[in-house]
Amino acid sequence: MGPAEVMRRYLGAMQAGDREAAFAFYADDLVAHVPGRSALAGELRGRDAFVGYIRAVLERVDHADVELVEMLVGVERVALLVREMLAGPDGDVEIRRANVYRVRDGRIAEIWIYEADQYAVDELLAATDDPFGAFERTGWSAGRAAPYHQAVGDITAQCVEALLDAAGVGPGVRVLDVATGPGYAAGRAAARGADAVGVDFSAEMVALATRLQPGVEIRLGDANALPFADGSFGAVTANFLMPHVSDLPGVVRELARVASPGGRVALTTWDAEGAIYARGVPEAVAAAGAAPPGDLPPGPSFFQYAGDEEFAALLDGAGLVDPRVARIEFTHRIGDLDAFWADLIGGTVRTNALVTHQDAATQARIREEYEQLLEPYRTDGGWDVPCVVKLGSAAKP
Ligand SMILES: C[S@@+](CC[C@H](N)C(=O)[O-])C[C@H]1O[C@@H](n2cnc3c(N)ncnc32)[C@H](O)[C@@H]1O
């Protein structure tokens, strides 16, 4: 069967609404290049990943029939020009796109999607029932990566060795580091001889991690719907992802899904009492007499599931076994508080909004209050700030 016939049958199945028959045309090792800034975009590898993408799109928008405008047939590739009406929250939107398919042995082996109006598609796909998730996603791609690496990365990177130990990362283990940010855990895993992959939904972070961790594969993807097949990693880690997602139980189930039997999943988060530098910001906002800005979407507690019992229950609820919750304590030295503050605010999302959505005088008061809160930790020439972190891990049965 030539490429044109394969595509005709595939389209026929799609238009008849028989999605399973259409999905059967995807090669197991299909690669799909999905453009855009939505959480679903990226290079999706494997049939399961692309089917997951289609299902996620269908969950977000109501599809009307797809109209085929033209099919252009080449020797190996077929291009389809299509038009479809999608029902978004603000009414119907006409979407035009070109999809290029590479066909191999009667199956679709590679797909490139080109949207005529990428902006409209991103808007539609971001219009989910998770405004906090959309806020985080947009925020982490708004110039945060470099200041994050300057200020916060020095702190979070201190937990990486314990995280990798808890996940059982050693030579030859295929490990996925989710929400890899600048790629600290992925890079150190590779230094242990592991086969490491980092994934993050911020294109900026992906670019930074790719630069900082040469030789490590860094991919774009969302922790809510990872672009990997079930059971594809012997260990899965996530360093400080927990405060940033609305549906943490769903995310932990997703981390468990991509772990292989016997593999460990390990996550860290800030302890509600002991994370002085982090809890200091909302405390400084309150001490300055300011309210949290009204334009922030409601989100989970920054310290969600950080308590020992709830952390263990979170892992258990994802179907994992042998949950262990440990405490990591260390001191972080701040030499120049002005520089630290600028990068802390510049390199975060919710913390940033808490401060920058206030007027200038209030922002100055918050900065003063933050310094007051750090006063007990002042030492010669700086601040030695205690940090307490929770590390939870469990195994895929
Ligand atoms: C606090 S940083 C942690 C970065 C890194 N793991 C570290 O140890 O420093 C949070 C990271 O999570 C990423 N992130 C947040 N929500 C995510 C999601 N739903 N999927 C993928 N990445 C996400 C952000 O882009 C950011 O890089």
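**Basis of the entries.** I note that the model is predicted: local features need pLDDT of at least 70, side-chain atom pairs count only at pLDDT 80 or more, and totals for chains, interfaces and linings use all residues. Residues are numbered from 1 along each chain as its sequence is written.

**Helix α11.** I located this helix at residues 248-258. Helices (H or I, at least four residues) and strands (E, at least two) are DSSP runs, numbered from the N terminus. I recorded eight of the eleven residues of α11 as buried, and the helix is thus mostly covered. A residue is buried if 20 or more other C-beta atoms lie within 10 Å of its own, exposed if 12 or fewer, and partly exposed in between, with C-beta atoms placed from the backbone. The buried residues are Leu248, Val251, Val252, Glu254, Leu255, Ala256, Arg257 and Val258.

**Backbone angles.** I recalled that most residues other than glycine have a negative phi. I then looked up Phe240, in the loop between β10 and α11, and found its phi near 60°, a positive value. Phe240 is buried because 21 other C-beta atoms lie within 10 Å. Tyr305 counts as buried because it has 24 C-beta neighbours inside 10 Å.

**Ligand shell.** Which residues come nearest to the ligand? Of the 20 residues around the ligand, I listed Trp140, Thr156, Ala179, Gly181 and Asn239 as the nearest. A residue is near a molecule if its C-beta atom, placed from the backbone, lies within 6 Å of it. I sorted the shell into nine nonpolar, eight polar and three charged residues. Ala, Val, Leu, Ile, Met, Phe, Trp, Tyr, Cys and Pro count as nonpolar, Asp, Glu, Lys and Arg as charged, and the others, Gly among them, as polar.

**Domains.** I noted domain 1 (3-128) and domain 2 (137-395), with bounds from an automatic or database domain assignment. Their centres, taken over C-alpha atoms, are separated by 34 Å. Twelve residues of domain 1 are in contact with 13 residues of domain 2. On the side of domain 1 that touches domain 2, β2 (42-45) and α3 (47-60) each supply at least two residues. I sorted the residues of that side into five nonpolar, three polar and four charged.

Key. Two residues are in contact if their C-beta atoms, placed from the backbone, lie within 7 Å.
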